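Subject: Structure handover and notes

Hello,

The structure we discussed is below, followed by my notes on it. Please read them alongside the coordinates.

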Amino acid sequence: MEEVLNKGELISLVNNALQYGIEEFTIREPYFNKKMLEINLKYDTVTLSGKNEFQRPATLNNYWDATDIPGFYDYKDCLISSGLIEYSNWKDFVEWIGLLRRNQLDPTLSSRKIYLSLDTNLAYMRLLSRRFPVVHNGTTIMASDFDYIMSSIVEGEIDHRIMAKYGETDLKMMGLYTEIGDIRYNFRNRGKLSTRKAKFATLELNYIRERLNSVRVKGTASMDDSEKNDIRIVESLENFAWSKDIIPAIISTDRNMGNHAENSEIPYFILEFPHNSPVRHKMDTGVLLNLLHDLALHFGAIRLPELETVLFGIWSGKMDSEYRNESVQAWVNTNSVIEKGIKRDVGLIRKLM
């Protein structure tokens, strides 16, 4: 079976695994067949692999495009973007966002409207579309409870990375230096790692622009200096705030961005990536579906050997609508016990939709 499934339809994979008694399965990356995760569907847990599992063979150092082979930090990004792993200061962030919401609702605290602004790095982590709503002191806070401004510099930093595609030479070299095998041909003329990640971040930009109705603030980007861009992002927000008599508030993971905001007297919060994380985590179905999609997209493909399945995040002919729907292409072995059930369930889901 070869079928394109949107993220919601991936639930058929999980349901049929359980139906046929497959309560545990692993997720492996395709380049060296390293185990990334163990999924236990019976107890709704995920067991993570450590950094040692992602050690690269020395021969890969000779590969001219080795940076395009995803590694541990790409894996860690997926654990965060999916919602599986929490930021280390997440409780402080919820307190901060709760205070902003209270200030917004009480005119005696502030007469000016608050506009949130996301730094480039958090678009890659899908903060607003994946982490909200949050609950503060018993009150549910939606992402849509705030107004938003977005610097055109943030858009540009992401858009300029949507460039590189795999050619025949890339695929040949990948075959020589990794163990990916013939599935790499599904990558032909598709985006390389930096392009895939930028398209992933673009989903967050689209969410902010379309669902949260953000205001666009024009800024002039530096083409070769990200630190200058941080300063220019803050300056563009500051100028807009003065002209409209509003309060901008920046959310970032970059300490330097916090310093620039502080110097401009702009409220900010710096989310901190976790340095250490438990090996085992509880998960819900939404997080699992995010994980399957995010890992497949960042790594190009993932193997699920117990399910006799390969999930591709990129494939020949993938359309923009399939990026937007967070779709993957599923290759399920025709001899797999789950293949017929998936076909049946996906057909039913599509009829109901």
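In which loop is the place of glutamate 308? Glutamate 308 sits in the loop between β13 and β14; helices (H or I, at least four residues) and strands (E, at least two) are DSSP runs, numbered from the N terminus. Its phi is near 50°, a positive value in a residue other than glycine. At 37% relative accessibility, glutamate 308 counts as partly exposed; buried means under 20% relative accessible area, exposed over 50%, and partly exposed in between, with a 1.4 Å probe and protein chains only.

On provenance: this is a predicted model, in which local features need pLDDT of at least 70 and side-chain atom pairs count only at pLDDT 80 or more, while totals for chains, interfaces and linings use all residues. Residues are numbered from 1 along each chain as its sequence is written, and side-chain values use heavy atoms, with hydrogens and water left out.

Other backbone points

Asparagine 137 also has a positive phi, about 50°, although it is not a glycine. Asparagine 137 lies in the loop between β6 and β7 (139–141) and counts as exposed at 64% relative accessibility. Phenylalanine 132 and proline 133 are joined by a cis peptide bond, with omega about 5°. Proline 133 is in the loop between α5 (127–131) and β6 (134–136). For context, most residues other than glycine have a negative phi, and most peptide bonds are trans.

Two threonines

Threonine 140, in strand β7, is partly exposed, with a relative accessible area of 45%. Leaving aside neighbours within four places in sequence, threonine 140 is in contact with Pro133, Val134, Val135 and Asp145, where contact means heavy atoms within 4.5 Å. The C-alpha atoms of threonine 140 and glycine 98 are separated by 9.4 Å, and the two residues are 42 residues apart along the chain.

Threonine 26 lies in strand β2 (residues 24–28) and is buried, with a relative accessible area of 11%. Not counting residues up to four places away in sequence, threonine 26 touches Lys35, Leu37, Glu38, Arg303, Leu304, Pro305 and Glu306.

In helix α1 (residues 11–19), the buried residues are Ile11, Ser12, Leu13, Val14, Asn16 and Ala17. These pack against α11 (285–299), β13 (301–304), β14 (309–312) and α13 (339–352). Glycine 21 follows α1 and has a positive phi, near 80°.

Seven of the eight residues of α6 are buried, so α6 is largely enclosed by the rest of the structure. The buried set is Ser152, Ile153, Val154, Glu155, Gly156, Glu157 and Ile158. The elements that these residues pack against are β5, α4 (120–123), β8, α8, β9 (215–217) and α9.

The axes of α6 (residues 152–159) and α9 (residues 226–244) come within 9 Å and cross at roughly 150°. Axes are lines fitted to C-alpha atoms, for helices over the stretch in contact, and angles run from 0 to 180 degrees between N-to-C directions. That crossing makes α6 roughly antiparallel to α9 (under 35 degrees counts as roughly parallel, over 145 as roughly antiparallel, 65 to 115 as roughly perpendicular and the rest as oblique). On the α6 side, Ile153, Val154 and Glu157 meet Ser226, Asn229, Arg232 and Ile233 of α9. By class, this contact of α6 with α9 has three nonpolar, two polar and two charged residues; Ala, Val, Leu, Ile, Met, Phe, Trp, Tyr, Cys and Pro count as nonpolar, Asp, Glu, Lys and Arg as charged, and the others, Gly among them, as polar.

Cavities

A search of the whole structure finds two cavities of 30 Å³ or more. A cavity is a set of points on a 1 Å grid over the protein atoms alone where a 1.4 Å probe fits but cannot get out, and lining residues have an atom within 4 Å of a point. Grid points are joined across faces, edges and corners, and a volume is the space filled by probe spheres set on the points.

- The largest cavity has a volume of about 90 Å³. Its lining consists of Glu29, Phe32, Lys34, Glu53, Phe54, Gln55, Arg56, Ile69, Pro70, Gly71 and Phe299, with five nonpolar, two polar and four charged residues by class.
- The second largest cavity has a volume of about 60 Å³. Its lining has nine nonpolar, one polar and one charged residues, and includes Val154, Leu116, Tyr148 and Leu205. β5 (114–118), β8 (147–151) and α8 (193–211) each supply at least two residues of this lining.

Regards

Key. 1 Å grid on protein atoms, 1.4 Å probe; cavity = no way out; pocket = protein on both sides within 12 Å on 5 of 7 lines; lining within 4 Å.
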